[in-house]
Amino acid sequence: MVIEQYTITNKYNFPQPTIDTALPQRFLEQSLYSLRHVQHQAFQLNPQNLHQPTLTEQYPSSIQLKPEPIQIKADNQETLIAAIDTSTIKIGETSTGIIVAIRGAITWRQNHSYKYTRLGPFIFHITEDNKNTVYNTLEHAYFSTTYSSMHQSAPNLMQMPTRLASLLERWMQTMVAKTVKEGIILFDGSLTSGTIDTPTQRLREILSYARRNCSTVLAFSKATTLRANGILITEQLPDHEPPYLLETSGLHSKPPILLLGDVYVARLNRANFAFRLDIDKETNADQRICAMQKLVGNDLYMQSYPETLRLSHILCTFTANEVLAIKHFITRKHGIEIVNRPDMHRLLFGPFGKGEIYS
Amino acid sequence: MKLYKKEGNILQVISFPTESAEKGDYLLVEDQDAGKALIAQVIDVQFAAVPGVLEELLRTLPDGGEPLQGEDIDPMEIAPHITYIQDASLLICKIRATLENGVLSPSSSWLPSRSQSTIKKLSVPMLMKLAKIDGKLPIILGGTKDSSLLTIDASAIDGTLNIITGKKGCGKSHLSKLLMVNLVGYKATVVIFDLNGEYTSLGMSNDGKRNMYYDKIHTLTPGQNFKVALEQLHLNTVMGILVNALHLPGTSAREFRRIWKMLKEKGKLNMQELGEEIRNLNCNQHVRDALASRFNSLANSGFFTDSLGEATMLDESLIKSKDQGGAIVINLKNTSNIDRQIVVEYALGKLVDSLSNWKLKAVFLFAEEAHLYLRETYWDDIVTRMRHFGIFTTFITNQPDTIQETIYRQADNIFLFNFTNEHDLDVVSRAARVDSETVRSIAHDLPPHHCLTLGKVVSDFPIVARVRALDIKTMGETRLFFNNN
C-alpha cells in the first residue's frame, strides 16, 4: 500500500521532551487509506455532531455529599492551565459506510492569555470492511507495546467515530501530561476507567505522567447522573459563598469499572451552576486544594466552568461552514459525489415526518 | 458560479473566491435547454450567508477581544477549503437583457434553470458586439477592467442631452475635453461655457506645443477679444439680458424698448447714443434711474463696443467651425456674475439666431456648472426648445442637485464619476435611463478617473471605464499653496 506522504510538524509551544507523533501520523495514513476506497462513490450529506457518550454512571447509590464545603481561595501564582478536548462529526453516508471527521484541541492559559493547538480534522470513510484495520492500526500505533493485539475486534460502525475521537483524545492527554510541568491539566469528562474507550491502565498511565511532572489532573463533567438521596449532586448546593468544593463519599464502582479520581461538586462562582469534578486519587488533599486554588486564581470561570476547557471544546467543535468545507474537500480531492436520497420520513409522513434525528 | 435566486430583475449568484467578479462586471447566465441567456450586471458583491461563519469568527475572539492565538496542525489541508467556503460571495446582479438567437431584448420575464444554467463572465468587447455599441464615428472613452476599450459612437451624442457629473477632482472636465476634441475631430461645432478657463488650452499638447486641434479652438474672452456692438443685437436678446440678467422691471423695460426702436430708426444704435438718450430721458425719475443703472452695468462689463470691427469674433468663429469643425471656448474666468449672465444670454441668443437661420447645422454645447450663469427659465428651454434648433447640451457639474429634475428625466446619456454622498446619488438616480440600485451601488465605489457610462451611448448597458489620457495641456488643476513646484 502506498501512502501519500504527509508529515506532522511538531508545533507545540510546550517544552518538548520526546513527542511521539506516531498516532497522528497513523491517523493521517488511515484517513487517506479509508478515503481512497470511497473514491467515485456517491454519498449523502447528513451532518450530525456526535457527542462522546457520557459514561453511564452505574455506581451503587450510596453516594453522600459532605455538607461542609471546602472553601477555595484564589491563588494567583502563575500556573499553566491546559485543557484537552476532541470532537467528531458524521459528515454523511455512503452505500458502504459513513464519512466522519475528527479533531482535537489543546488550549492553555499562560501569561494571562490563551493559546491553542488544534490537530485535524482527520476524515475517515469507515466501512464494515475497513473498520478493523483502521481501528487496530491506530490502537497499535500508540498503545502497541502494552495493550493492543492486532486483531482485537473493532467497535460497531456507529461507535467508530467516538472511539476514534477517544483514541485521539487520550493521545493528546498523554502528550500534555508528559510535557506540562507543575501545571493544571483539565480533562473533559470523568476519571472513570475500565471502559472500552478508556482502559484502566491507559488512564492510570496518563495520570502517572502528570504526577511525575508535578501537575494535577482535574476532570470536569458537563453532565452527571450521580444522585445523593435521589437528588442530582450538582443541584444540592449549600448557601455558601463560592468558589467551593463539595466532597462526596460512599461512591464505589463495579468491576471492571474503576474510578481513578475522587468525585467532588465544584461551584466556582455565583452563577447557579456546579459541575462534577474528578481529581486524581493519587494526589494528596493539600495538592488537590492547591490545584483548585491555582485554577481559580489563574483561569476565568464565567459560568462556573473553566474557560480553558470551554475554549478547547469550542475550538474542536465543527461548524456548519467546516462541514461544507470538508464536503468540498472530499468531493474535489477524492471524487465523491453527493446524492440526495429522499428523506423517508418526509416522503412517508409529509409535514409529520420530522426526519431521522427526531424519530 | 451558481444561480441562487431571482427576484424581479435582480439575480443572486453564488461565486467562489477563484471566480473573481466585481461590481460592474457582466455575467452571461446561459440555459442551454431553453436556448436563451440572461445578461446581468453585478451591482453589488456581498458575503454569502454560509452557515456557521458567525461561530467560526466568534470562536477566534474570546480572549478579551484580542484574537485567540494558536496553531492549526492540519495535515489533510482542509483549511484552504474552509477559507474557500467562508469567502464565497453573493453577487447581486441586475438583469439587463435576454439573449435569444443572437438578438437582445430587454425582457427578464423568464426563469433560467438553477441547476443546469452555466454562468460565465461576459467580456466588455463581447457585450459591445452583442449590443452593437459601435459605429462609424468611434470615440474611445477609455479602458475597461478587462483591458478592452470602451468605444462609443459620436452619433449617439448627436441630438441628445448629456450629463457629466461626479465629485471634485475625479475627472469630469477631462472627459468633457475628450468628448469635445473628438466631436471637433468629426467636424462638429462645439461651444463651451468655460467657467474656470480650463478649456482655453485645448489646442496645446502637454509639452506646450500646438496640437492637431490648435486651429480649430477659438477662445473668446469677454471684454478682450469677445465684444458685441448693439447694432448686431436683436432687441429680444438685449431684452433678455436686461430682464433676466439685470432684472429690469416691466415699466422700465417698456421704456427701453421704445428708446431702442427710436435709435434703430435713426440709425444711431450704439452705446454712446443709448447712454445719452437715457440721460436725457424725460420720464419718471425711478424709470430713468433704473435704465441708467442697467446701462452702466452693460457699459462696465466691457462686453459692448461701438466699433463693429471689434465685434465680429463670435460670428467669425462660428463660420470657421461650420465646415471644418471647431470649438468656441467662451472663457468666463475672471468675469463677474452679472457679466457672465450677460455673455451667456447673448451667446445663447446668437446661437439660436444662427441655427434658426440655418447659418449653422447644429451645435454641441458644453456647460460647466451651468447654475452659476444660466437663468432658471433657460433650463427647460435648452432641453426642449433649443434642442429643436440644434443645440445639444452636455451639463458638467459636481453639484448634481443644481441641475433640475426635469433635466435628469430627459437626459439621454449620463457619465457618472464617483460620488460618496447619498444625497448626490439620489439626485442622479432620478434619471429615466438609470436604475437607482446601479447608480447607488456602482458609483459609490468608482475609483478616480473611472466613469460609469449610462444611456444611449452604451445601449443602456452601464459600463465602467477608466477615462483615457489626453495629450492636452491641463488647465483645470486646482492651484495649491503647498506645491513643490
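Predicted model: local features only at pLDDT ≥ 70, side-chain atom pairs only at ≥ 80, totals over all residues.
Welcome! Residues are numbered from 1 along each chain as its sequence is written, and chains are lettered from A and ligands numbered from 1 in the order in which they are written.

**Around A:Lys66**
- A:Lys66 sits in the loop that links β2 (64-65) and β3 (70-71) of chain A; strands are DSSP runs of E with at least two residues, helices are runs of H or I with at least four, and both are numbered from the N terminus.
- Beyond its neighbours within four places in sequence, A:Lys66 is in contact with A:Leu246, A:Glu247 and A:Ser249, where contact means that the C-beta atoms, placed from the backbone, lie within 7 Å.
- A:Gln236 is 170 residues from A:Lys66 in sequence, yet their C-alpha atoms are 11 Å apart in space.

**Chain A as a whole**
- Chain A has eight helices and 16 strands.
- Of its 359 residues, 47% are buried.
- Among contacts in chain A with a separation of 6 or more, 76% are between residues 24 or more positions apart.

**Where the two chains meet**
- Here 28 residues of chain A are in contact with 23 residues of chain B.
- On the chain B side, α1 (53-58), β5 (69-73) and α2 (79-86) each supply at least two residues.
- That side of chain B holds 12 nonpolar, five polar and six charged residues; Ala, Val, Leu, Ile, Met, Phe, Trp, Tyr, Cys and Pro count as nonpolar, Asp, Glu, Lys and Arg as charged, and the others, Gly among them, as polar.
- Strand β6 (residues 113-127) of chain A runs parallel to β5(B), joined by five bridges; strands pair if DSSP finds at least two bridges between them.

**Domains of chain B**
- Chain B is divided into domain 1 (2-130), domain 2 (149-224 + 311-467) and domain 3 (228-305), with bounds from an automatic or database domain assignment.
- The centres of domain 1 and domain 2 of chain B, taken over C-alpha atoms, are separated by 38 Å.
- Nine residues of domain 1 of chain B are in contact with 11 residues of domain 2 of chain B.

**Sheet and core**
- In chain B, 11 strands form an open sheet with mixed pairing, in the order β10-β9-β21-β20-β19-β11-β18-β17-β12-β16-β13.
- At its edges are β10 (149-153) and β13 (217-220) of chain B, each pairing on one side only.
- Strands β17 (residues 363-368) and β18 (residues 391-397) of chain B pair in the parallel sense over six bridges, and B:Phe364 has B:Phe392 in β18(B) as its bridge partner.
- The largest nonpolar core has 130 residues, of which B:Met180, B:Val190, B:Ile192, B:Ile330 and B:Leu416 touch the most other members; such a core is a set of buried Ala, Val, Leu, Ile, Met, Phe, Trp, Tyr and Cys residues joined through C-beta atoms within 7 Å.
- Helix α10 (residues 337-356) of chain B gives the most to this core, with nine residues.

Terms used. Contact = placed C-beta atoms within 7 Å. Buried ≥ 20, exposed ≤ 12 C-beta atoms within 10 Å, placed from the backbone.
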